[in-house]
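Here's a quick tour of one protein model, going from the overall fold down to a few individual spots. Have the structure open and follow along.

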Amino acid sequence: MDLSLDTKQLQYINLIKELGEKEIIPYSSKHDHSVDVSFDWQLVKILGEHNLVCPTIPEAYGGLGLDHFTTALIMEEIAAICPGLAAIIDTNVHAVEPLLLAGSEQQKEAFLPALTGKNAGLAAFALTEPTGGSYVNGMSTNAEKQPWGYVINGQKDYVLNAPLAQFILLFAFTDHENKRNSMRAFIVPAQTPGCMIGPGHDLAALDYAQTAAISFENVNLSNDLIIKEREVCSGYLLMGQTLDLGRALVGATAVGIARAAYDLAREFADTRRQNGVGIRQHQAIAHMLADMATKIELARLMTWKACWLIDQGGDYTVPSAMAKVTASTFAQEVTCMASDIMAARAFEKGSFIEQLVRDARVLSTLEGTNIIQKNLIASLL
């Protein structure tokens, strides 16, 4: 495994840093991104100008066709600038994975180009329900087979990008007596009759990202909107592979959040003086910064390994789960240590460090809770 970055990867890193400094941070600081206002597409458009709204889509469908390792590098940089924007892009990548893994050529041609280019849209991934998230058998969304397709009834909740999506990647059951074996993946185009978005959730994390419930009431989907799983044996396995891939990018997002908190704390420690010297000269503060830097490096290396295995066609299930658990845990620890160093300033509403503490906390829930990840890891040891 070669840990050196090539010229193209370094260019993407520098591009995101430049966009953040010149466009994203100045724009984001002047605008309200709460759930109570209309979504402001400007930050998405900034990335769209460089075709980075869904970077894993192959070139054949208008995308960049970036591998997971390079995508992780990009996600870390975006998360260090605007975690909510990173969550939006993460979700896009997540929603297209079932299509890339098992979708037909016609499905790819019909839906993937909508997430590419300067006017790229967004997609949603609908799995969690009010009655079940990590507990798949607690879900109840049903797909009733008809000669022409399926009729969908049920409800999904806490769906990122739901109010904004061009299409929704939906998982539902066709047999409630045999849920796991009857799980199937469906593509639900926006504005499909019976598909109702809302209410939105005003979450205390990932500002800018939009999250909502989705209700399906007698939604008719033709046969060409079901993913046939030709490359995998079942919808349940397709869901598992999709989550395995996504966890590594959550790890990258966590690294970006932790790094941003560390940079703020280090800058503060360099300028804050106590007893005549900068507080960074005090051993207690210096050791906290050393611990923070070490945790970030460990999380980054685990994330890189998981993404490298994905790109090499290796067994990435356990490494991806480990990366997600480690990075999200360390992100919480690093942001809390940063807030300790910055003291009262870290608790000013609207400050970046206050936002980072909230954003780090939610990562232990996304892509399956960390407790579930530990169950997965333990089962495969």
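## Overall build

Buried residues make up 55% of the 381 residues in the protein, where buried means under 20% relative accessible area with a 1.4 Å probe and only protein chains counted, exposed is over 50%, and partly exposed is in between. A note on ground rules: this is a predicted model, where local features need pLDDT of at least 70 and side-chain atom pairs count only at pLDDT 80 or more, while totals for chains, interfaces and linings use all residues. Residues are numbered from 1 along each chain as its sequence is written, and side-chain values use heavy atoms, with hydrogens and water left out.

You'll find 11 helices and 10 strands here (DSSP runs numbered from the N terminus: H or I of at least four residues for helices, E of at least two for strands). The radius of gyration is 21 Å, close to the 21 Å the globule rule gives for 381 residues, so the protein is as compact as a globular protein of that length. That radius is taken over C-alpha atoms, and the rule is 2.2 Å times the number of residues to the power 0.38. Along its principal axes, the C-alpha trace spans about 80 × 45 × 40 Å. Of the contacts (heavy atoms within 4.5 Å) with a separation of 6 or more, 74% are between residues 24 or more positions apart.

## Around histidine 68

Histidine 68 sits in helix α3, residues 68-81, and counts as buried because its relative accessibility is 10%. Its side chain makes a polar contact with the side chain of glutamate 97 at 2.9 Å. Such a contact is a pair of N or O atoms within 3.5 Å; within protein, one must be able to donate a hydrogen and the other to accept it, and residues adjacent in sequence count only if both atoms are side-chain atoms. Leaving out residues up to four places away in sequence, histidine 68 touches Glu97, Leu245, Leu249, Cys307, Ile310 and Asp311.

## A buried loop residue

Alanine 209 belongs to the loop between β6 (195-200) and β7 (211-222). At 14% relative accessible area, alanine 209 is buried too. Beyond four places in sequence, alanine 209 touches Gly84, Ala87, Ile88 and Leu160.

## Helix α10

In α10 (residues 352-362), the buried residues include Ile353, Leu356 and Ala360. Among the elements covering the buried residues of α10 are α4 (83-102), α7 (235-271) and α9 (317-342).
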